[in-house]
Each structure stands twice: as structure tokens, then as C-alpha cells.
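Hi,

Here's the structure I promised to pass on.

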Amino acid sequence: MKHNGFLLTLHLIPYQTNFNYNYIMKILRSLGVAAVLLASASQAFPVGWPANYQGVMLQGFYWDSYTDSKWTNLESQADELSQYFKLIWIPNSGKCGGANNMGYMPQYWFTNHNSSFGTEAQLLSMISTYKAKGVGFIADCVINHRNGVTNWYDFPVEQWNGQTWKIGLEGICSNDEMAYASGQPKPTGAQDTGENFDGCRDLDHTNANVQNNCKNYVKCLKEKYGYVGMRYDMVKGYSGYYNGIYNSYANIDYSVGEYWDGSYDAVKAWIDATGKKSAAFDFPCKYCINEAFHNNDLTKLVWKANGTTDQPAGMIHFGYQQYAVTFVDNHDTYRDGSKFNGNVVAANAFILFSPGTPCVFLPHYKAHKAEIQKLIDIRNACGIHNQSAVTVLRTSRDCYMAEITGTKGKAVVKIGPAMASPSGYSDSDIKAAGNDYCVWTKVAVNGGGGGGGGNTGGDMPDALYVIGETNNHTWHYATGDKMDKTDNGFSINLSVTGAPTSQNGYFSFAKSLADSWDNLNASGNRFAPSIDTPLTPNGPAASFVEVPYGTDAKAFYAPKGQYKLVIDWPNKTAKLLSITGIDNLVQDSDTSITDTEIAPSYYTLDGRPVNAPLAPGLYIVRTANSTRKIIVK
């Protein structure tokens, strides 16, 4: 590099997370080149949350979700979840005492990640499986406080990375409740830099040893266990300055703090305290969503950014979109007075078509899977990211409408019962619609789980199951047969068996089988006609619709027999073709030929057996000794 007439030779050193950045910059400043290199050098450092980030996050747990959030259970869903989510936030994986512990009374940091959700081996397997599919895990990192193994303060002494890690009384805040408890020794740390947490020992983050333990715990979660980012619990309990230190040391790109406060200014101040090295959950946005839906006043979804410009409410208006992680509910709010009570899909549509990084809550996803999948597909197709520009088109008590611009196109979302459409878009541009929400875009949508409009088939699922009285099954949430996927739908050979006293068998379709009736009938999972509808073998196709969650699903029915069921997904129709013999099969005008005579021995010239389904028409068939002409009516 030539600078002011001098030739500087810079030896490039492999980047290490613990090299002395300030020292390097001091040397460069003495040479007068710091300003030249500062911009490029700073790119090596974490920013708390990536700019223009397009991913959607899933909170993969809720309180007491010991079955749904088991590591083995989550790993089994990798093929599905990886199509929609780029980050999954899971509970604290370190051992925290006995069975059924959510992890918020932490004990082990560097070792013994055998938790209520699975073993350490299962954790590592799950993280590795998702990593191969481009999905990262966010650790629930609880460092505000810590619990002893057998008493109030005997934190584990652990070995990692060639060092021994331990914290004693000097690392506990001097105003922790332990200081006033009978029979307990006095902690010798400094005063707490944030709010107190009763129940565990509040750690003194001003203490150098505590800082060193925390920095390396975060690094251990990343390097040993494979997490890509941190969700810091209860960050009101200590200064955000320390989160900035820990993220810089461990080179964390995805960091989000739980600063539980509805004040925009308070959350902004915490983000600033970290040096903008962490995002924060957008509680101001969450409380505006609560108010808007609870009071049927959608004007609450809008704030005047800079006092002049309508923008989505919360941290996601001008200035802090990059550092806002939006959500409708989480494990805490879902079980207390802050629980969202309203139109779940419409509320998720709001965060999915706003700036910020949306975090979908597992119970919401399970109950409204197909609709949320479709919304994510549209978001991805448009290239919407956490800093996408938004123009609010309409705001009234019964309507929120906004246009958001992604890297691949624009989308308009409408929330509320008002009958309103955006200028420049037509009904053919509608890619998703439901109870009090609608999304328009001119971008083609061909995602993994939904989003196509019209007859494009873009919302065709990866799998479809026949459920009901077929193949000797009965109506059951976990029993059905997976269909074969075709270019424009699905097909399967099946036996309509029916109930013992019935002449007909009833059936419908589902994207996935389930562990309960409620989950089988989750919104968007099940498909059936709007009324009980006959399917006549070799007759016309009949339409089906998505069954709304909680409604009494109807069904198709057909006479007992052997058939091929054909699903035309773009047109949402089902058709039955007989495979035990073709009805109304004749040779020219000769009506003496019967199904019994034809079916076992005749083949079309291209080799198809005549007893395979044939559409009505004229066919040339042959046996070993002759060629004949037949008509299928």
C-alpha cells in the first residue's frame, strides 16, 4: 500500500477473535492509515444482527414443551422446518437440575448439556442435521444469574478449552438476596448493574473473572456446541455494555436480547448500550399488536416515524429495523397477561410483511401451519429483509395496508375486515388470503409450502395423505396412506373399504398425519369438499377446499372397490378411476365384449394394460394374436 509517498508492506495475519484490535489500530493511526482501513477492517467484526437479513426465525418451544421441543422430535422435522426458517431458537441446553426444567435456573455452562429436552449427543446431532440444510440454532443464554448444584452458590467447576472455569462469592452481586439470607455467606461482588432476579444468584458483570467466564461460555456455545447465535435472557438484569463485550469476543453475528419493556426509548437505549452489537426483541411492536387486535383498532399498528411518516409500530420504524426481532407471542407472554388474543395468522402476516426479523411462535405455527408457510414463501419470493422499505397505504380502525419492497419485488399486505384493494394490483395478484388478511404481489411464488396464486400450483405440498375409510383404515389422526407425487398433483391406488354397514367409503386428504385430532385439523393441513360429495368412478372430477381450523370437515365418498385416485392440485380437484375393469368398454359397435374378457389379456400398443385407468376415447389394443380397436366411454 502506498501512502503519502511511503510504501507500506502489510503482513496479513489470520483473523483471531481475541487479537488486540485497539493495539493494531493504534499502530495504524501512528502511520496515518487508520481511517483508510477502518471501514474494511470493521467488517470482520460482528454487528449484532446482519443488515438486510432475509431469514425468518422460529421459537421452537413454549413453557413445558418437553415433548414438542425434544431434540429428537425437532430433528425429525428438519426437512419441513428448513424450508421456512433459517434460525431456530431453543431452550437452554445445559443441565439445570432435575427433570422438566425449562433452563432458566442455569447450572452447567461448559459441560453436561444433558437437559430436559435430550442428551448432549442428541443436541449435537440435531444442530448438525439442520446445519447441513442451512439452518442455525440460537442458544438461550442465561448469564444474568446462576444456580448452585446443591446449595445457593456452589456453581460447577468445569474444564473446557484447556482451562478451568469457576465463579465464587466474589462473582455474586453484593446486593443479591443472598446477602440478607440467614445462614448464607455474604457475597463480595459489586452492586448489581441492573434489576435483581430472586431465585438465583445475580452475577456481578463488572468482575473480570465473571466477564472471562461469560465471554468463554458464549464462545463455547458457538465452537463446541455449534450454535450460530445467542438469545440473552433477562438483559435488564445487567448493563448492555457487557453483551457487547461478550459478542465481540466470541464473534457472534446473531444476538438478540430480551429487554422486556414496551418503551421504544428504553429498548433503543439498551441496543445502543451494547454498541449495536445485539438486536432486541421488539416488545414495543408486540404490545401495539396486542392493543390493535384486542381493541379492534388497527391504527395502533402504525407509528409516526420522526413524527411525520406512517410506519409499522415498534422498533421496526426508521432507524432500528436491523436490530428488531418481531414476534406475536413467546413462551413468557403466552402464559401470562401479555398473551395475544386475536387473529393469529393476521398478526403473523403483519410481522412477516414488515421490516425486522420475524420470530414465529411454535404453537402458532403448529395451529396455522399451511397459512404461515404460504406467507413465508411469499416473503422469500419477494426478497423481503429486515431493512426493507415500507409505505403505509391506509390506516383506519378496520384496515392496515402497507407495501413493502424486497430485493426481488414488492408485496402489499392488508390486515382487517375492510373491503379494500391496493392501486396497481388485481385479484390475480392475490397470493394469500384468509380471515381478515390478504397479500398481493406480482412476483411468482413457488416455495416449499405455499404461496402460488391462480392455477400455478405453487402451493403444492411435498406430501399428501389419504385419510378415512380406505385400505382398511378407519378415521384416525395417525392413519393414512401417502400418495405418489406427479407433475401437477398426486395419485394413489387405493381400496375404498368403508364401514361394515355402509355401501360407501368416506375419505379426505391431509398434508401430514398427526398425534391428535386437533393437530390433524390444524389450519391448512386438511382438504375436503365443502359438503359431503360423491366421486363417481371414471366420472367427473370434484372440487375440494382447505378445511378451516376447528370446523367440521366434510369428505368425499365412493362405492366400495378398487380405484386410482388422482388429485389435480392447481385446480383443486379429485377424480376416481376404476382399476378392476373399465366400465362401458366396447369394440366399435360390438357390445358383447365384457370387462371380464378384456381386463386380463388386452394391452394398448404402448404396453399399458387395459385394466389401467384410461380416459374416455378411442384406443387400439392387442393381444398375443390380434390387434383390436376399443372405445372407452
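Y506 comes out as partly exposed at 27% relative accessibility, and Y557 is partly exposed too, at 23% (buried is under 20% relative accessible area, exposed over 50%, partly exposed in between, with a 1.4 Å probe and protein chains only). Bear in mind that this is a predicted model: local features need pLDDT of at least 70, side-chain atom pairs count only at pLDDT 80 or more, and totals for chains, interfaces and linings use all residues. Numbering runs from 1 along each chain as its sequence is written, and side-chain values use heavy atoms, leaving out hydrogens and water.

On to the rings (Phe, Tyr and the six-membered ring of Trp pair if their centres lie within 6.5 Å; planes under 30 degrees apart are stacked, over 60 edge-to-face, the rest tilted). The count comes to 36 aromatic pairs. In one of them, F350 and Y400 sit edge-to-face, 5.2 Å centre to centre with 75° between the planes. F350 is in helix α10 (residues 344–352) and Y400 in strand β18 (residues 399–405), so this pair links parts 50 residues apart in sequence; helices (H or I, at least four residues) and strands (E, at least two) are DSSP runs, numbered from the N terminus. F350 is buried at 1% relative accessibility, and Y400 is buried at 0%.

Back to Y506 and Y557: their ring centres are 5.0 Å apart and the planes are at 35°, so that pair is tilted. Y506 belongs to strand β26 (residues 504–510) and Y557 to strand β31 (residues 556–559), so the pair ties together parts 51 residues apart in sequence.

There's also an aromatic cluster formed by F61, W89, W260, F281, F283, Y287 and F327.

Cheers
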